[in-house]
Amino acid sequence: MTSAVDPPKRLSPLVIGAIGVVFGDIGTSPLYTLRQCFTAAHHLPLTPENVLGILSIIFWALTIIVTLKYVTLIMRADNRGEGGILALTALVSRGLEQHTWRRWWLVGFGIFGAAMFYGDGMITPAISVLGAVEGLEIITPQLHPFIVPVTLAVIVALFAIQKRGTASVGRLFGPVMCTWFVVIAVLGASQLAQVPAVLAALDPRHAIVFVTTSPAIAFVSLGAVVLAVTGTEALYADMGHFGAKPIRRAWLLFVGPALLLNYFGQGALLLAHPEAIKNPFYLLAPQWALVPLVLLATSAAVIASQAVISGAFSLTRAAIQMGYSPRLKLLHTSAREIGQIYVPFINWMLFIAVVLLVLGFKSSDNLGGAYGIAVTLAMLIDTVLIFFVITRLWHWSRVVAFAITVPLFLIDLAFLSSNALKIPEGGWFPLLIGAVVFTLLTTWKRGRAILLDRLSEETMPLDIFIESVSGSPPTRVPGTAVFLTSTANRVPHALLHNLKHNKVLHERVVFLTIITKDIPRVGSKDRVAIKDLTCCFWQIEAFFGFTEDPEVPALLEACGHHGFEFDMMDTSFFVSRETLIATVAPGMALWRERLFVSMSRNAVKATDFFRVPPNRVVELGTQVEL
């Protein structure tokens, strides 16, 4: 995060970096938004009044939703500098600790919004790259058959390079996107200068007349207009990487004006040449500039897709740390940037979905029907959650909170309702993905809670065990035994099995519990809490934020700074390996228990996830009926 007195020289690289990463999705919306407004299934007549009406709605949507709602209001709700719907959900959870049922519903609401992000992460690469490559058809109609193959080639390359990371490529994002925004602003301004009358759309009365004259058509048109504000969640989610000030400055002084110039330039072109509706974005450019513009647009679309894919990786890590997802293989792609990670499973699931979307829909116009549901639902959820942040954490009056959020809620609801009409055209896809991911996340969370309950029923309290050991001590052998356990006050199954079969205890026994807090990062001085339980038993609680990756060797090294030394060559790590059996016992539906069992089998082992040296690990199995 940047401070209030950041010097311009320090702020400038962050602003450029934010332009490259944060605004890729919303920055490529001009490729298809205005065309979609007039060529979608509702067949809005291409008249000067409708052009001005649509432009007016786009202008005020960008002003209200992006500038006022996200840039001004929601970005104030940072969780220790971190943003995004999971960070906002954690804030709401903290503010409603005394209201169990309300907290449960709102957290579930936030988790569903996070699940919808995966649907967005599948559609964004498909529609962005398709929209860019469709410029080939403007160069010459003979290239139309190559649009889908070229799009697939770009997508294959995009997902194939994910494992190499964006540490080096990322440095190019800012300059490329800066060039993109300058070019689209110049294209729009040049056409705007020829038809300045289009500036009349700044007057909100054009939007009002458009809505009141043909309310049914206007309502349906909102489903296409919302494409102009896709990517708003990225403004909030990337706060942790760049800080609020660079993102705000980039939007207000550069990105926002560039987008408006381009939209109004396209509107000016349509007023003068209605036939340009087949692709008003590319037809802004002279013939000689089409090839470089297609290349630049494709680069911008790849960057937009990269930002969404990276966001899916970060969201997955946060879900794992917060206990909503099984452990997956995480690879760090940068030695210096902790936020740059690669999740192979998520990468290839997204890749398969994107390829199927391109093959199934074949054009950005067709994909426009699938796009929007995830975005508008996330915007609506953000509005609901920010209301509770305003009242519970900021302690503003309810009157002020309602005055701010009710109009925003109604706008979001109008956009969501309009997009609901697109469900048969493809809007079902992100809803299906969101529902599947939400089921997986909540099943894992509930299944882990049931599993811990079952394990607790079969063990004994730690204090009673230590008391019994002190009264009748078993044989103690040299060395340190570290038992990884989720329940700090219960005896780990692995210890009981070890004592039962080997009939010995190590001379020093450590119970290690790793706890994820609802904040992004935990300071080094608050990392560990060490407690002497007597009889050479010790309890260590390690605290991590939901954006951090626990690493046991580094953690034990940190314990040395607290006077608790570890010799790794003299330390063994004991873990339980549960074999789960689904039953009809109370807890979850049988099908969800079977789903949980399947997810558990495919989860990365705790020792691998926490980077415990494999040659120091002892696994002891146990069978648990859910």
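Me: Which residue just after α18 takes a positive phi?
Reply: In this predicted model, H395 does, with a phi of about 60 degrees.

Me: Is α18 mostly covered or mostly exposed?
Reply: A residue is called buried when its relative accessible area is under 20%. In α18, 19 of the 21 residues are buried, so the helix is mostly covered.

Me: How many salt bridges does a search of the whole structure find?
Reply: The criterion is a side-chain nitrogen of Lys or Arg within 4 Å of a carboxyl oxygen of Asp or Glu. The search finds 6. One of them joins R35 and E134, at 3.2 Å from N to O. R35 lies in helix α3 (residues 33-39) and E134 in the loop between α6 and α7, so the pair ties together parts 99 residues apart in sequence. Both R35 and E134 are buried.

Me: Which parts of the chain does the pair of D412 and K69 link?
Reply: The side chains of D412 and K69 meet in a salt bridge of 2.7 Å, N to O. D412 is in helix α19 (residues 398-420) and K69 in helix α4 (residues 48-73), 343 residues apart. D412 and K69 are both buried.

Me: Where do E619 and K605 lie, and are they buried or partly exposed?
Reply: The closest N and O atoms of this salt bridge are 3.6 Å apart. E619 is in strand β8 (residues 617-625), while K605 is in the loop between α24 and α25, so the pair ties together parts 14 residues apart in sequence. E619 counts as partly exposed at 35% relative accessibility, and K605 counts as partly exposed at 29%.

Me: Which residues form a negative surface patch?
Reply: Patch members have over 30% relative accessible area and no salt bridge. Here the patch is formed by D453, E457, E458 and E625. D453 sits in helix α20 (residues 423-457) and, at 44% relative accessibility, counts as partly exposed.

Me: Where is E551 found, and what separates its C-alpha atom from that of V612?
Reply: E551 is in the loop between β6 (537-544) and α23 (552-560). E551 is partly exposed, with a relative accessible area of 31%. E551 and V612 are 61 residues apart along the chain, and their C-alpha atoms are separated by 7.5 Å.

Key: Residues numbered from 1 in each chain as written. Predicted model: local features only at pLDDT ≥ 70, side-chain atom pairs only at ≥ 80, totals over all residues. Heavy atoms only, no water. Patch = residues over 30% accessible without salt bridge, like charges linked within 9 Å, V, L, I, M, F, W, Y side chains within 5 Å. Areas by Shrake-Rupley, 256 points an atom, 1.4 Å probe, with all protein chains shown as cover. Lys, Arg positive; Asp, Glu negative; His and termini not counted. Charge placed at Lys NZ, Arg CZ, Asp CG, Glu CD. Helix = DSSP H or I, 4+ residues; strand = E, 2+ residues; numbered from the N terminus. Buried < 20%, exposed > 50% of the residue type's maximum accessible area, 1.4 Å probe, protein only.
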